[in-house]
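Welcome! Here are some exercises for reading a protein structure, each with a worked solution. Have the sequence and the model ready, and take the steps one at a time.

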Amino acid sequence: MKRFFFCLSLTAAVLGAAPVIDVNVEGVAKQSLSLAGVSASGAGAEAFRKTLQNDLIRCGWYRLAANGQVKVSGAVLGAAGVQERLAVAWPGKRFAWERSAGDVQQARRHAHELADAIVEATTGEKGIAQSRFAVVVKTGTSRSGQAIEDLYVCDYDGYNLIRLTSDGVPIVGPRFSPDGRKVYFTSYRKGFPAVFVADVATRSVQQLASFRGLSTGAVPSPADPNKLAIILSHQGNPELYVMDARTKHLTRLTRTKLAAEASPCWSPDGRRICYVSDAAGSPQLYVVDVASGQSRRLTLGRGESVQPDWGKHGIVFATKRGSPYRLAVIDPDKGESSLRYLTPVNEIYESPSWAPDGRHVVASRTQGRTRTLWVLDAAEKGEAPYQPFSGSGPQWLNPAWSK
């Protein structure tokens, strides 16, 4: 059995303290974790501790225990409005890491970083604590009946909400660039569906390209961010293309004269694209090999299969088969025989998106006239989903998880 030992120290220099937090890891993928030995003094320190605890619970790899096999102990000091300096060091087997935080927001960010470091050290898996959501927020309906919507991004736990658009027009299909710095989305800001790209840091928005007809569903390849899967109708009905973002050169992948394509997503290796087509009479999932252009139908059941997202453990999508939309996962190589449902038949979920860890999914859930975001753990049966946002307010639609 492998054994790792790490040491983490957090120092609030302004208070002259030098506490030490020790993280002792026994084994590789341990599920019991103790934070009982961590003390926090001050608003910033308490925010750090609470954020760290929530991150380690939500990641799915641990359960809190009074004497867990993964032990975190020590002290964190500092309050909001104080120059809080946290010196974080891992002098053990893996790496050295030092941080200083001047406010609560930065302390929370350090907690996210620490949580992901613990996950990687103890499981070898990628954490989700530093990831983000892109989400469409609906605040009402105009006099003409058009939805009033805008695009936002936020931390995966709902904090640090940033508004990227102020048009108040329908938006669909947001997708992050592989580095998380841009969000591609389809907007009706010009009165018809067209693809735009938003820079998260500067909040600038530009139209991706101008084509006759509609353009929707743009998503960059994880293997080459300059290659974009996109749906265009400039040559007739909506077809699937791959576009070079630099030259705007197009490679057409589908030719279905009496059907329409939608909602493309790339395989993790960038070699295949899953998309939706109604060529068989109802919306179903298809997979195309980008190099050869050969397509095959993936979902064979009745009803509808829409809104796919491809992760390392399969394709998650929304399906309606004699019931409201629910979420399912399918292995692209095994097809229908591998299909399993993530949500019960009496609950309505749509627009699923994989987390970077390949086990969590964020989706929009409809309850009456309310739509909210929920996160599900696809690896744990019976694990209750949770809401990043709580309480009443706007409608939360079409989420996308940064990869």
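Contact means heavy atoms within 4.5 Å. This is a predicted model, in which local features need pLDDT of at least 70 and side-chain atom pairs count only at pLDDT 80 or more, while totals for chains, interfaces and linings use all residues. Residues are numbered from 1 along each chain as its sequence is written, and side-chain values use heavy atoms, with hydrogens and water left out.

**Exercise 1.** Find the residues in contact with Leu56, leaving aside its neighbours within four places in sequence.

**Exercise 2.** Describe the largest nonpolar core.

*Solution.* Step 1: get the terms clear. A nonpolar core is a set of buried Ala, Val, Leu, Ile, Met, Phe, Trp, Tyr and Cys residues joined through side-chain atoms within 4.5 Å. Buried means under 20% relative accessible area, exposed over 50%, and partly exposed in between (1.4 Å probe, protein chains only). Step 2: the largest core has 36 residues, and Leu52, Leu56, Tyr62 and Trp401 have the most contacts inside it. Step 3: the elements that give it two or more residues include α1 (43-58), α2 (104-123) and β28 (395-401). Helices (H or I, at least four residues) and strands (E, at least two) are DSSP runs, numbered from the N terminus. The largest share, six residues, comes from α2. Step 4: apart from this core lies another, of 26 residues, with Val316 and Tyr349 among them. As background, nonpolar side chains tend to be buried together in soluble globular proteins.

**Exercise 3.** Work out how α1 and α2 pack.

*Solution.* Step 1: their axes come within 8 Å and cross at roughly 35 degrees. Axes are lines fitted to C-alpha atoms, for helices over the stretch in contact, and angles run from 0 to 180 degrees between N-to-C directions. Step 2: look for residues that meet; Leu52 and Leu56 are among those in α1, and Ala115 and Ile118 are among those in α2.

**Exercise 4.** Follow the strands β25, β26 and β27.

*Solution.* Step 1: two strands pair if DSSP finds at least two bridges between them. Step 2: five bridges join β25 (residues 348-354) to β26, and the two run antiparallel. Here Ser353 has Val362 in β26 as its bridge partner. Five residues lie between the strands of this hairpin, and Gly358 in the turn has a positive phi of about 75 degrees. Step 3: β26 and β27 are antiparallel too, over eight bridges. Their hairpin has two residues between the strands, with Gly368 at a positive phi near 70 degrees. Step 4: seven of the eight residues of β26 (residues 360-367) are buried, so this strand is largely enclosed by the rest of the structure.

**Exercise 5.** Is Pro394 buried, partly exposed or exposed?

*Solution.* Step 1: locate Pro394 in the loop between β27 and β28. Step 2: its relative accessibility is 30%, so Pro394 counts as partly exposed. Step 3: check its surroundings. Leaving aside its neighbours within four places in sequence, Pro394 is in contact with Val137, Lys138, Thr139 and Arg371. Pro394 and Gly140 are 254 residues apart in sequence, and their C-alpha atoms are 7.8 Å apart in space.
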